[in-house]
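Subject: Structure for your review

Dear colleague,

Please find the structure below, together with its sequence. A short account of the findings follows, and I would ask you to read it with the model open.

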Amino acid sequence: MDKVKVKGIHHVAIKAKGLEEFDKTIDFYSNLLGMPVVRRWGEGIKKGAMVDTGAGWLEIFANGDDIPQTSLFRHLAFEVESTDACVEKVRNAGYEITMQPNDIVIACTPPIPARIAFCIGPVGEEVEFFELK
């Protein structure tokens, strides 16, 4: 029997509630955070797009009106060059910062020193900026 080998995350999907929120979400990830849109499809609420995070894709749909208010994942974490620069940019664009930049050490072997912060994205998703130290 062949062994199963997971190579990594190909994409994570999020659903915007309608076209206005879809456009706002594309703007947040592509224009604010600099992730290029690599695929687009559909029209109206059947619109979708793939954004390249550098280590996988974020798939964004416009047809999220029928989804529950709670998320199935806790947050999206993006490895960044500067947590502080990301926070400044999203704050200036009007997004809520739920945790200011903070130096931490993840207590594992070996320990992982990092600078992290959190914000709320355009469709209510929690986004973490994770800068390895």
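What percentage of the 133 residues of the protein count as buried? The share is 34%. Please bear in mind that this is a predicted model.

I begin with the overall layout. The protein contains two helices and eight strands. Read from the N terminus, these elements follow the order β-α-β-β-β-β-α-β-β-β. The C-alpha trace spans about 55 × 45 × 30 Å along its principal axes. Among contacts with a separation of 6 or more, 51% are between residues 24 or more positions apart.

Strand β6 covers residues 97-106 and strand β7 covers residues 112-120; the two run antiparallel and are joined by seven bridges. One example is I97, whose bridge partner in β7 is C119.

Finally, I turn to surface and charge. The protein has an accessible surface of about 8,700 Å², and carbon and sulfur atoms make up 53% of this area. There are 15 positive and 20 negative charges, and their mean positions lie 5 Å apart.

With kind regards

Terms used:
Residues numbered from 1 in each chain as written. Predicted model: local features only at pLDDT ≥ 70, side-chain atom pairs only at ≥ 80, totals over all residues. Heavy atoms only, no water. Pairing = 2+ DSSP bridges. Helix = DSSP H or I, 4+ residues; strand = E, 2+ residues; numbered from the N terminus. Buried < 20%, exposed > 50% of the residue type's maximum accessible area, 1.4 Å probe, protein only. Contact = heavy atoms within 4.5 Å. Areas by Shrake-Rupley, 256 points an atom, 1.4 Å probe, with all protein chains shown as cover. Lys, Arg positive; Asp, Glu negative; His and termini not counted. Charge placed at Lys NZ, Arg CZ, Asp CG, Glu CD.
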